[in-house]
Amino acid sequence: MTLEERKQQVIEDFSLYDEWLDKYAYLIDLGKNLAPFPEEKKTEDNLIKGCQSRVWLDAEEKDGCLFFQADSDAVITRGIISLLVSVYSGCSRDEIAADDFGFLEEIGLRENLSPTRANGLVSMVERIKEYGR
Amino acid sequence: MQVSELRAQFPILSRTVYGKKLVYLDNAATAQRPLSVVDLQRESALEANANLHRAVHSLAGEATEIFEDTRRAVQAFLHASAPEEIVFTAGATAAINLVAFSFGEAFVKEADEVLVTVAEHHSNLLPWQMLCARKKAVLKVLDICENGGLDIESLQKSLSQRTKIVAISHISNVLGLVNPVREIVRICHEKRIPVLVDGAQGVVHAPVDVQEMDCDFYVFSGHKVYAATGTGVLYGKRKWLELMPPYMGGGEMIESVSLSGFKPAPLPAKFEAGTQNINGIPTLKPALELALQMRDDKEIQAEQKAIFDYVYDRLMQDDRIVLYGTDRANKVPLFSFAVKGAHHEDLALILDKMGVALRSGQMCAEPLMDRLGVTGLLRASFAPYNTLEEAKFFIESLDKAIGMLV
């Protein structure tokens, strides 16, 4: 799948739920199923500042594509970061640099988070963008 | 008074969030404001707005009269012996910073000690850390017991001849326990050590009589007792306030000024530099009147008691939940707790979508979180306008949220 297709997939998955509580249930599900993150990668360098809960993000580059791994101690945050990981893993640095991350607005995630959580989301997005620089 | 009558005075309580009825349980962060307070602030701006104490015109006279009348109302509320002992500030934080600076300048030297407790809000910790750093003094910390109460047994041992001041909360904003301040003051005074009491939560839940308590300083914020934001009070015994230098310079805090120096004004103006919160401070009067009325009202107190018993019992009986501050006899309806296997932030986020506003995180008390061995907690804090029905809805919603997460 291309980046665009992966985004469309997320938008479609989210549109199945009308109620925010159901969307959260979906995020919790994603969070619980996020691939395990190695303990030794929970370093200060990989920790994202600006989140109320702790969030770690790491990336490996293979054949010009980035593959992200992430974790958090809060499960909804794990769900959110898992969305970002699934959408942006497989992107080249150029693709990430060119992306506007607008699909987060399209699924209504940003405005439905508390301000502290929204800041956390911004911090997560910023960290992914750094890989495009 | 019926709780419904009381709620009618707080229009915000009838709004919705995400299409759900709002259940506001973050009162320890800020209380909602009644119409009397909002109306007075508006009226003050529209009808009596003028700077205080200086001009001779009639508006200035009226504004000054209202401001000084408020001071007498606060004096009566705290049962202070004179209006000069009431200094208006921007809040409890500003008041503690004032004392930490001015008292510190006058009385704290290198190697002296300041005693706080591990359960303090950052506002009653950082000003003292800053003072100790400035003066090379030592900050000592009193611990808590298993049930969250202060370790009073250790108080004697924590005081020394070098202890210059003790700063302690009346009620912890996390544990919700009323500290035995009268006893603490007595022990400290035996050694001639003054005591500052942080009453930010205290004025909300406990009657305060500063003469009976015999504390040297008592501070609180207006917005937690239904007054406008940016209002606060420092009560200080005259003997200390007289000996302390001004905190900030400028405005009406002077008697005379020359290029070589100034002579400060008498109390309380000496500590009220700059233009005061002219439209905000007067709201303390109707706010404190309402606080007293609610405290004395049988029906409202009965509802509060029912809420306390219900929430306390449900949280204590649920083995998925760990409540902090369990000393029932001294507890107010402020409940901080952890849920096993669920992050406080996830719970708060889900409860928010159900309409329940709770606080999550460290609640401006990071050292206490470290002491309790948690990264954060969830807090439900009730006000007299909350109902038992809301308490039940909170417990049901919490149960559902836990079900989604664990």
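Predicted model: local features only at pLDDT ≥ 70, side-chain atom pairs only at ≥ 80, totals over all residues.
**View 1. Chain B as a whole.**
Start with the big picture: chain B holds 15 helices and 17 strands. Its radius of gyration is 22 Å, close to the 22 Å that the globule rule gives for 406 residues, so chain B is as compact as a globular protein of that length. Along the principal axes, the C-alpha atoms of chain B fill a box of roughly 70 × 55 × 35 Å. Buried residues come to 49% of the 406 residues in this chain. As for contacts in chain B with a separation of 6 or more, 70% of them link residues 24 or more positions apart.

**View 2. A β-α-β unit in chain B.**
Here we zoom in on β5(B), helix α5 (residues 126-135) of chain B and β6(B), which together make a right-handed β-α-β unit. Strand β5 covers residues 113-117 of chain B and strand β6 covers residues 138-142 of chain B; the two pair in the parallel sense, with 5 bridges between them. To get your bearings, look for Val114(B): its bridge partner in β6(B) is Leu139(B).

**View 3. Two helices of chain B side by side.**
Which helix do we find alongside α2 (residues 35-47) of chain B? It's helix α11 (residues 284-296) of chain B: the two axes come within 8 Å and cross at roughly 170°. That angle is over 145°, the cut-off used here, which makes α2(B) roughly antiparallel to α11(B). As for who meets whom, α2(B) brings Ser36(B), Val37(B) and Leu40(B), while α11(B) brings Pro286(B), Ala287(B) and Leu290(B).

**View 4. An open antiparallel sheet in chain B.**
Four strands line up here as β13-β14-β17-β16 (chain B), forming an open sheet with antiparallel pairing. At the edges stand β13 (321-324) and β16 (359-361) of chain B; each has a single partner strand, so one side of each is left without a neighbour in the sheet. From one strand to the next, the twist averages 30°. Further in, strand β14 (residues 334-339) and strand β17 (residues 377-381) of chain B run antiparallel and are joined by 4 bridges. A handy pair to pick out is Phe337(B), which stands opposite Leu378(B) in β17(B).

**View 5. Helix α13 of chain B against the sheet.**
α13(B) lies across β14, β16 and β17 of chain B, and runs at about 155° to β16(B).

**View 6. Where chain B touches chain A.**
How many residues of chain B are in contact with chain A? There are 11, and they touch 13 residues of chain A. On the chain B side, α13 (344-353) and α15 (388-405) each supply at least two residues. The most comes from α13(B), with 6 residues.

**View 7. Chain A on its own.**
Chain A has 6 helices and 2 strands, and reading along the sequence gives the pattern α-α-β-β-α-α-α-α. Its radius of gyration is 14 Å, which agrees with the value near 14 Å that a compact globule of 133 residues would have. The C-alpha atoms of chain A fill a box of roughly 40 × 30 × 25 Å along the principal axes. Of its 133 residues, 31% count as buried. Among contacts in chain A with a separation of 6 or more, 63% are between residues 24 or more positions apart.

Conventions: Residues numbered from 1 in each chain as written. Chains lettered and ligands numbered in written order. Pairing = 2+ DSSP bridges. Right-handed = clockwise from strand over helix to strand, strands pointing away. Rg over C-alpha atoms; globule rule 2.2 N^0.38 Å. Buried ≥ 20, exposed ≤ 12 C-beta atoms within 10 Å, placed from the backbone. Contact = placed C-beta atoms within 7 Å. Axes fitted to C-alpha atoms, helices over the stretch in contact; angles between N-to-C directions. Parallel < 35°, antiparallel > 145°, perpendicular 65-115°, else oblique.
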